[in-house]
Amino acid sequence: MYSFILGNESIKMALSVSAGGRVWRKFFKTFNFGPNSALKRFPTCTANGRLYSSSSDNVLVSKDEKSGIATVRMNNPPVNSLNSAMLVSLRSCFEELENDKSCRALILTSQKPKVFCAGLDILEIYRKSPDYVAQFWEKLQDMWLSLYGSRLVTMAAINGHSPAGGCLLSLACDYRIMAEGKFTIGLNETQLDLVAPFWLRQTMVDVIGYRQAEMALMIGALYTSNKALQLGLVDKLAPIEDVQTVAEEEVKNWLKIPDQARAITKMASRKPLLDELRKRKQEDIQTFRDETTRESVQISIQQYLEKLKAK
Ligand SMILES: CCCCC/C=C\C/C=C\CCC/C=C/C(=O)SCCNC(=O)CCNC(=O)[C@H](O)C(C)(C)COP(=O)(O)OP(=O)(O)OC[C@H]1O[C@@H](n2cnc3c(N)ncnc32)[C@H](O)[C@@H]1OP(=O)(O)O
């Protein structure tokens, strides 16, 4: 059941049949909804009752059949950094859940409490060829499109630090619950001499407003959970051991709203940004490749890596 992803066509078919309706068909036609790809194969995903995971086990997925709530746990020790394999696994899992008509919601969290996700794996953009960096960036774009454009209720259960790409993942979700305490979240790209792309900057503006986003992005701010709550960067705080339970409770509230109306409303507000990235994908890849492989940026990345190691 879980071994194939058939892309847009199967989602359209499955949902128009299951929802029995013209409305769904019109919805998909209007919004070009869901993963932006044709026939795809999930990387040897094994189905085993309610629990399945990718071959490398870097992303673990369990689904409660009764409620239709899936939990996606990032499992890439030590800090869930987003390397190529991780991006491919995340995207595959998001698309698979998208195509599973019994799935209604996903909770994204970390298998290792205290670090939700350390962002992009910096080693993937350090002293790599321009082609490699370009392919890496496209994997990030595709993963983001599948999460941000999802019909599901998407909830980030941020059970630890969530800098840069970790914040990007959270921002792509519908709602964010973060662990109380000393954990930080934010888009600290400028600290690495990197510039967040337009689609990431826009989600930050959409979530916390223009002034705060502009300031946060310029200074590469990392905020504590309390400050993030105050800014609206996260929606709720919970003790770290309760983040998952609180997320499940919150999802259940969201699931009281009819799926169709909720998903159409979500897509109506997200479609412009999704379309913009789809349209400017190659330009965005080129910018990332050219910026990241510049010698001055490579030196900044090296210094940042040294700082991290010396910590
Ligand atoms: C208009 C022009 C547009 C141009 C566009 C151009 C460019 C766009 C560019 C970028 C935008 C992309 C958006 C995303 C960017 C990113 O995500 S960059 C990554 C930023 N991440 C960070 O800064 C986080 C760094 N890590 C930490 O702060 C901490 O590790 C922690 C997450 C708080 C966890 O702390 P702790 O539990 O104490 O763990 P350690 O620090 O000891 O780390 C363990 C080992 O892991 C290594 N590591 C940590 N983070 C990363 C990482 N992101 N990548 C690779 N490796 C990482 C760390 O060095 C330790 O390694 P050793 O054990 O010492 O070997």
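In what order do the four strands of the open sheet lie, and is the pairing parallel, antiparallel or mixed?

Author: The model is a predicted one, in which local features need pLDDT of at least 70 and side-chain atom pairs count only at pLDDT 80 or more, while totals for chains, interfaces and linings use all residues. Residues are numbered from 1 along each chain as its sequence is written.

The four strands of the open sheet follow the order 8-10-12-13, and their pairing is mixed. Its edges are strand 8 (114-115) and strand 13 (222-224), each of which pairs on one side only. Helices (H or I, at least four residues) and strands (E, at least two) are DSSP runs, numbered from the N terminus; two strands pair if DSSP finds at least two bridges between them. In general, the strands of a sheet pair through backbone hydrogen bonds, either parallel or antiparallel.

Within this sheet, strand 10 (residues 160-163) and strand 12 (residues 184-186) run parallel and are joined by two bridges. P163 of strand 10 has G186 of strand 12 as its bridge partner.

K114, which belongs to strand 8, has a phi near 95°, a positive value in a residue other than glycine. A residue is buried if 20 or more other C-beta atoms, placed from the backbone, lie within 10 Å of its own, exposed if 12 or fewer, and partly exposed in between. K114 counts as partly exposed because it has 14 C-beta neighbours inside 10 Å. A164 lies in the loop between strand 10 and helix 5 (165-171), and its phi, near 45°, is likewise positive in a residue other than glycine. A164 counts as buried because it has 26 C-beta neighbours inside 10 Å.

The sheet may now be placed in the chain, which has twelve helices and 14 strands. Of its 311 residues, 45% count as buried. The largest nonpolar core has 73 residues, and I185 is among those that touch the most other members, as are I107 and M155; I185 falls within the residue range of strand 12 (184-186). Such a core is a set of buried Ala, Val, Leu, Ile, Met, Phe, Trp, Tyr and Cys residues joined through C-beta atoms within 7 Å. Leaving aside neighbours within four places in sequence, M155 is in contact (C-beta atoms, placed from the backbone, within 7 Å) with residues including I107, Y175 and V251.

Notes
Contact = placed C-beta atoms within 7 Å.
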